Amino acid sequence: MIEVKGASVVIVGGGVTGLSAGWWLARAGVDVAVVETGIVGWEASGRNGGGCGHATSPLYPEMLRLWPIMDELLGYPTEFSANRIHVAVTEEQLAAQNRSAAAAKRRGYRCELLDRKQIRELVSLVGDNVAGAHFYHFGGHANPHRTVQGYAWGMQDHGGRLMQHCAVTGFRTEGERVIGVETERGLLGCDQLVIAAGPHTGRLSAMLGHEVPMASARAEMIVTEPLPLMAYGGVDGNGLHGRQTLRGNLAFGGGPHEWLDLPQGGIFANPSTPLMGHIGRRLIEMMPKAAHARIIRSWAGVTENTPDGRPVIDRLSTFPNVVVATMSSVGFGLSPASGRAIRDVVVDGTCSFADISSFRLARFARLEADWRELQGWVTVAMDEAA
C-alpha cells in the first residue's frame, strides 16, 4: 500500500465530479490526490442511467464538445453514444415534451417529432400505445462504471494519486487556510482543498464553518436480462431515464426518490428498496415488448440535492483555499465540463469557458433554517409511511 503524505491539491470524494476534477488537474501538471471513503463511483456516480443531458446548464455547451472525444482524451473507453430519444406514453407527457423540445430549439439545439414508423424503427421495444417521441440530435449516454474508472486511471496516468477505503475525519487549519486533511491513515498536507463528496459535502463543509445546504436521497436503478439491441439505446420517458447497454440489458431508473438522513459513520446502509417494482411497471408501459424480460438486479446510489436544484462550484467564505463542488444529482452527464470548471477555479480563480456565477454559495445567504421541511424534503419514518 502506497501512503500519500500530501499533495498540492487534495480532493475529498472519489465520485465522478471529484475524479474528473482530479484528472483535469493532473493533466495540467498539478500535484493532486483524491481521497475516497469507499471505492470510486460507489454512490450515484456509478449507479445512474448514464444520460448526458442538462441542456439548461451553463456547462452544457462544453459538455457537448467534450463527450465525443473523451475516450481519446482519457485513453479509456466510456462507451459514449450520441443523441437521445424521449418517449411519451400519454398525451399529457407528449404535451410536456413538446414544450421541452420547443425550449431546446430556442437554445439552438436540433430536435424533431418522430412518427410512429420512425419510433418503431429506432426504439423497437416500444408498443403502439405510445403517444409520441422526440429525437434529440444532441446529448447522449455513456457507461457510468467505465467512465468513473477511466477518470481514475487517466488521473493516475498523469501522476495523480488515489486513496480508496480512506475516510476523512477532519481538517487542519492555520489562520484562514486549510493546511491538511485528517484521514484514517493520517494527515495529508495540502495547499488547496476540493470537497466533492456528494451527499457528505454539506457535513464536511460545515466543519469549516460554511455549510453547503443539501438533502440526500436514494436514486434507484433496475437492470433487465439482455434483449435485442435497439437502433438507439439512449431513451427517456414515462418518468424514467436510462439506456440499453452494449450487451442488451435495459438499465433504467427514476423517482419517486426517498429522502435519507445522513449517517454518522459516512456509509449509507442498505440503499436499495422495493421501488424496483414501480420502476419495472413504468418501463413496461413505455416498452411493452420488453415485458417478458426478467429484472436481474437492482441497486441504488445516494444523491445530493441543493435547495434550488442547481450545482455549487465556489470557494468557501471561511477558508478561501477550499473549493466546494456539488452538481445536485446531475453530476455524471456534466462531469467532463464540471471537472474542467473546478480545475479552472482551483488554478486560475475563475472558469474560462462558461459563466458559472449562478453556482455561487451566496445565493443561499437568506435560506430558511427549516428549508427541508418547507420543501417537503424530509425523511419519512417507516411506521409513518406504512
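**Notebook: salt bridges, burial and contacts in a predicted chain**

**Entry 1. Lys117 and Glu121.** I started with the side chains of Lys117 and Glu121, which meet in a salt bridge at 2.5 Å, N to O. I use salt bridge for a side-chain nitrogen of Lys or Arg within 4 Å of a carboxyl oxygen of Asp or Glu. Both residues lie in helix H5 (residues 116-122), four residues apart, so about one helical turn separates them. Helices (H or I, at least four residues) and strands (E, at least two) are DSSP runs, numbered from the N terminus. I then looked up accessibility: Lys117 counts as exposed at 51% relative accessibility, and Glu121 as partly exposed at 47%. The classes I use are buried, under 20% relative accessible area, exposed, over 50%, and partly exposed in between (1.4 Å probe, protein chains only).

**Entry 2. Basis of the values.** I note that this is a predicted model, in which local features need pLDDT of at least 70, side-chain atom pairs count only at pLDDT 80 or more, and totals for chains, interfaces and linings use all residues. Residues are numbered from 1 along each chain as its sequence is written, and side-chain values use heavy atoms, with hydrogens and water left out.

**Entry 3. Confidence.** I looked up pLDDT (the predictor's confidence in each residue, from 0 to 100). The chain averages 91, and 94% of the residues score at least 70. Over residues 381-386 the pLDDT is below 50, and this stretch has one contact in the model beyond near neighbours in sequence. Contact here means heavy atoms within 4.5 Å.

**Entry 4. The chain as a whole.** I recorded 11 helices and 17 strands for the secondary structure. The radius of gyration is 21 Å, close to the 21 Å from the globule rule for 386 residues, so the chain is as compact as a globular protein of that length. That radius is taken over C-alpha atoms, and the globule rule is 2.2 Å times the number of residues to the power 0.38. The C-alpha trace spans about 65 × 50 × 40 Å along its principal axes. Of the 386 residues, 56% count as buried. I also checked contacts with a separation of 6 or more: residues 24 or more positions apart account for 72% of them. The accessible surface comes to about 16500 Å², with 52% belonging to carbon and sulfur atoms. Accessible areas come from the Shrake-Rupley method with a 1.4 Å probe, and for residues only the protein chains shown count as cover.

**Entry 5. Further salt bridges.** I found that the structure holds 14 salt bridges. One of them joins the side chains of Arg172 and Glu182 at 2.9 Å, N to O. Arg172 lies in strand S7 (residues 168-174) and Glu182 in strand S8 (residues 177-183), so the pair ties together parts that are 10 residues apart in sequence. Arg172 is partly exposed at 39% relative accessible area, and Glu182 is partly exposed at 22%.

I next took Arg343 and Asp344, whose side chains meet in a salt bridge at 2.9 Å, N to O. Arg343 counts as buried at 18% relative accessibility, and Asp344 as buried at 2%. Salt bridges that share partners also join Glu62, Arg65 and Arg340 into one network.

**Entry 6. Asn83.** I placed Asn83 in strand S3 (residues 81-88). At 17% relative accessibility, Asn83 counts as buried. The side chain of Asn83 reaches the backbone nitrogen of Phe138 at 3.4 Å. Leaving out residues up to four places away in sequence, I listed what Asn83 touches: Tyr232, and Phe135, Tyr136, His137, Phe138, Gly139, Gly140 and His141.

**Entry 7. Phe319.** I located Phe319 in the loop between strand S16 (312-315) and strand S17 (322-326). Phe319 counts as buried, at 12% relative accessibility. Residues up to four places away aside, Phe319 touches Thr173, Gly175, Glu176, Arg177, Val178 and Leu208.

**Entry 8. Thr17.** I ended with Thr17, which lies in helix H1 (residues 16-27). Thr17 is buried, with 10% relative accessible area. Neighbours within four places in sequence aside, Thr17 is in contact with Ala196, Ala325, Met327, Gly331, Ser338 and Ile342.

Note on methods
Polar contact = N/O pair within 3.5 Å; in protein donor to acceptor, adjacent residues only side chain to side chain.
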